[in-house]
Amino acid sequence: LVALAVVVAIVVALSLLYRGVLFDSMVEAETHANVALTKAFANAVWGSHAGFVARAGTLDRAALPGRPEVAALDSDLRRLSDGLPVVKIKIYDLNGLTVYSTDPRQIGQSAAENPGFRRARDGYPVSNLTYRSRMDSWEGEIAERHILATYAPVHVYDAAPVEAVLEIYSDVTPIVEAAEASQWKILAAVLGAMALVYVLVQ
């Protein structure tokens with residue numbers, strides 16, 4: 001019984017390790033995808049919006065959501081994100097001002113003290129995987145979703161100075177659910193095999 005308990009403990013520990021490695025790989029892959037989208041945005045349309053983002057801090061914050069430049073940003077970002085699991089995007093200037101958000105109520109807010117924003121402003125993308133019971137997205141409110149939020153620096157090429165920060169929210173619920181199902185299948189199979197060996201040696 002002690003030996004069986006040890007084996008079960010080892011299997012559970014390995015299962016948790018497998019989950020950690022799998023989720024780390026998933027976060028890394030999705031972070032690369034969001035950074036690639038940021039580069040596509042910078043290469044395709046950033047030149048049309050860089051001036052507005054740079055001077056947004058001098059404009060009336062209450063009037064920002066209704067400005068035509070914000071509508072143009074929304075149109076370009078929707079076009080670039082079409083077909084991707086992107087549910088929300090924010091753009092910050094270098095002072096942390098939210099110049100654009102798919103949720104207009106957040107435009108004008110400050111993220112200056114946010115660690116993710118500060119790291120991306122220094123040139124390093126960073127992601128955070130969370131479970132959201134509810135959140136506002138491009139298509140309205142969504143519920144019970146696993147969301148990967150990536151802060152990515154905006155610059156025309158890697159060696160160029162960072163001009164802004166893009167925060168991309170991706171819906172990774174199908175990937176997370178598939179990983180969890182795979183983990184439970186492996187755990188059940190190994191525990192079943194161990195139980196069969198235990199019965200046969202009695």
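The legends below describe close-up views of a predicted model. Local features need pLDDT of at least 70 and side-chain atom pairs count only at pLDDT 80 or more, while totals for chains, interfaces and linings use all residues. Residues are numbered from 1 along each chain as its sequence is written, and side-chain values use heavy atoms, with hydrogens and water left out.

**View 1. Helix α2 crosses helix α3.** The axes of α2 (residues 46-55) and α3 (residues 68-81) come within 11 Å and cross at roughly 135°, which makes α2 oblique to α3 (under 35 degrees is roughly parallel, over 145 roughly antiparallel, 65 to 115 roughly perpendicular and the rest oblique). Helices here are DSSP runs of H or I with at least four residues, and strands are runs of E with at least two. His49, Phe52 and Arg55 of α2 meet Glu69, Val70, Ala72, Leu73 and Asp76 of α3, where contact means heavy atoms within 4.5 Å.

**View 2. Five strands form an open sheet.** The strand order is β2-β1-β5-β4-β3, with antiparallel pairing, and two strands pair if DSSP finds at least two bridges between them. Because β2 (98-101) and β3 (126-137) stand at the edges, each with a single partner strand, one side of each is left without a neighbour in the sheet. The twist averages 25° from one strand to the next.

**View 3. Strand β1 is joined to β2.** Between β1 (residues 86-92) and β2, which run antiparallel, there are 3 bridges, and Tyr92 has Thr98 in β2 as its bridge partner.

**View 4. Helix α5 lies across two strands.** Residues 173-200 make up α5, which lies across β4 (140-154) and β5 (164-171) and runs at about 105° to β4.

Definitions and conventions. Axes fitted to C-alpha atoms, helices over the stretch in contact; angles between N-to-C directions. Left-handed = near helix turned anticlockwise from the far one by under 90°.
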